[in-house]
Amino acid sequence: MTPTPHRPIRLDALAYGGDYNPDQWPEETWAEDARLMRQAGVNLVSLPVFSWPLIEKTPGVYDFGWLDRVIDLLWDSGIKVDLATGTATPPAWLIRLHPEVLPHNVDGQRLEFGSRQAYCPSSPIFREHALRLTEAMATRYGSHPALAMWHISNEYGDHVPRCWCPASAAHFRTWLQNRYGSIDGLNEAWGTSCWGQNYLTFEHIEPPRTSMGPINPTQQLDFERFSSDALLELFQAEIDVLRRVTPDIAVTTNFMSLFKELDYWDFAAAEDVVTDDAYPDPADPHAHVPAALNYGLMRSLKGGQPWLLLEQAPSAVSWRDVNVPKAPGRMRIDSFQAIAHGSDGAMFFQWRQAKFGPEKYHSAMLGHRGEQSRSFQETAALGAELKKIEAVRGSRVKASVALVVDWDSWWGSTAPDSLPSQRLNWLEQARAWHSALFALGQTVDVVRATGPFHGYDVVVVPNLYIATEAQAGALTAFVERGGQLVVGPFSGVVDPTEKVHDGGAPGPLRELLGVEVDEWWPLPDGQTGTLSWSDAAGTASELSTLIWSEWIDAAADADVVARYSDGALAGRAAIVRRTAGAGAAWYLSATLADAGLQEVLGGVLDAAGLPVRSTPGRDIEIVTRSNEDTDFTFVLNHGTGAVSVAVPEGAHDLLTGDDVSGNLTVQGFGVAVLAHPSPTSGTETGSTTEPLSVSTASENPGV
Ligand code: GAL
């Protein structure tokens, strides 16, 4: 899908603010909110996300009075709005008038009103009412000077990613009819001759419900695709209304990081600005590592265009079993991390901490204690600091490594049954590969399996279970142009209808990778294996395998760079490398433990000529954003101890205002934003001179 033209957020600064729910507070509070927001440097708030019942108390009759007053007050205080269309949750009257709007779970049980997002994505009645509200909002506020962008719905799929109600079933049938044209086409695609599943008519098809045994895998996969598309259709329907009424205003919907249920490549193509809600768990000292992958996805969804962190928690959330607060400094560094990764601002859920409802224990920018609350103090301090790094706005992140994310493969390889092993988890593998690259000092973009790969020296594919000729062609071209490609196990297995490729895996990638898979060899629970690997210098080491291995044969023109060293596969090829054109493709037939992944991926980075950290670690992160003349290098110390960073001549710390060179000490949870002239950018494939190098002396190795 071609990305839509970019309508920017109408805001001349890094965005700073949060969700604002004035309708939960008496009107007298609003003036104080505006005053404190100004004091904290807030310039953008999201509202009215869940206020439909207050705007439309009677069907078709809108009361915008209170909303007018809030928006005017904000605007008078210099604060803009990320204006929600308000369609995230329908009013009770709509549900009582049309109970069929409510979603059904997999067992056909209707979910009752009593929480938010009480609608079936395919309900025509819900859509009709939601679009009417969207149009009313657009007409009312489309020319208000406070309007910065449209915030459509809220976190699509958060509570109801899939629905099994009669309306969804009918919508699924139409979707299948459009996809396959005829019932014969569907029978062929679904392989219904197995287990007597043939259909005579689309009317006989149901979404995959609880059944007596394993369900047709293609039916399951198509239901995943359909369910993502059903929400996309709803999103697109609101976009169409907004495009018609306010063609120049940017639209977004807030994503939920690496969210399995929705194919964000398609969602991002439909909107102007990517926004994300990120809730790294403060209880996890390494939560910043998967966060970096999420942010890599966000900036990549629209080809490197700046995105916006629309929600994060100032401290604790209220929806985990145990909600640990953020230690002093953690909210600050988390915010800077998102900005380092291309977010043009840092926003929160929410402005004022709730007094009632399910989120009253969720932290907010203005805590229950008011101005004295730690969260307000930290919020105001961060607001002041962001003004100092205004120059980074609009700049783009530099990355030489990209990781392939493919929702089809995610869905297919993690079906609920009928796989060689239920232990191979797509997300865990993607995170493990990214985490190894993070430890090796890499900033990682995310890319589709069809590219574009321009600008990358290394592309890693932790898994591409469903592979097509088009993907294989794009990956082959990348390698032949000089790229290093690494493909993980259980890839190239089936086509998009879940049929095993002729001749077996890795199907269309067979020639490029120089391997043929004979048999999957998953490891029994609790068992590990080993393989022997030699690095480019010939140094041998034993690497641990977990969960998965394969019986493979290497082609005559491929090199076996690692062999299994124990069990039934002992002596057989485990990792194969094949040169193609100016580059090379590597196939890892096993899942490796972290140390092994770092070893192998480190070898690949070396082969690509990319700088690799001499002491791998996960506390320090260095990310560079650039514009035409300046590099902004963010040095983020996610650990609690001080570290020393070697800084080249000519750097200026935007936060302290000091010129820095030589050794810079960055305290625990400390951040430096170093501006320096862009080095002449480099090789044909786009890599640039590494501007800073982390001193290994004081970093905690191997973290
Ligand atoms: C998000 C949601 C917000 C709020 C927040 C709390 O998922 O969009 O409305 O509920 O979580 O962490």
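**Exercise 1. Sort the residues that line the largest cavity into classes, and state which element gives the largest share of that lining.**

Solution. By class, the lining of the largest cavity holds six nonpolar, five polar and three charged residues, where Ala, Val, Leu, Ile, Met, Phe, Trp, Tyr, Cys and Pro count as nonpolar, Asp, Glu, Lys and Arg as charged, and the others, Gly among them, as polar. The model is predicted, so that local features need pLDDT of at least 70 and side-chain atom pairs count only at pLDDT 80 or more, while totals for chains, interfaces and linings use all residues. Residues are numbered from 1 along each chain as its sequence is written, and side-chain values use heavy atoms, with hydrogens and water left out.

A cavity is a set of points, on a 1 Å grid over the protein atoms alone, where a 1.4 Å probe fits but cannot get out, and its lining residues have an atom within 4 Å of a point. The largest cavity has a volume of about 90 Å³, a volume being the space filled by probe spheres set on the points, which are joined across faces, edges and corners. Of its 14 lining residues, Phe438, Gly441, Gln442, Thr443 and Glu621 are the closest to the centre. The largest share, four residues, comes from β23; helices (H or I, at least four residues) and strands (E, at least two) are DSSP runs, numbered from the N terminus.

**Exercise 2. Check the span of helix α3 (residues 65-76), and find which of its residues are buried and what covers them.**

Solution. The expected span is 1.5 Å times one less than the number of residues, so the 12 residues of α3 should span 16 Å, which agrees with end C-alpha atoms that are 16 Å apart. Buried (under 20% relative accessible area, with exposed over 50% and partly exposed in between, for a 1.4 Å probe and protein chains only) describes Trp66, Leu67, Asp68, Val70, Ile71 and Leu74 in α3. What covers these buried residues, by contact (heavy atoms within 4.5 Å), includes α1 (28-40), β2 (44-47), α2 (52-55), β3 (80-84) and α5 (124-141).

Definitions and conventions
On a 1 Å grid over the protein atoms alone, a cavity is a set of points where a 1.4 Å probe fits but cannot get out, and a pocket is an open set with protein on both sides within 12 Å along at least five of seven lines; lining residues have an atom within 4 Å of a point.
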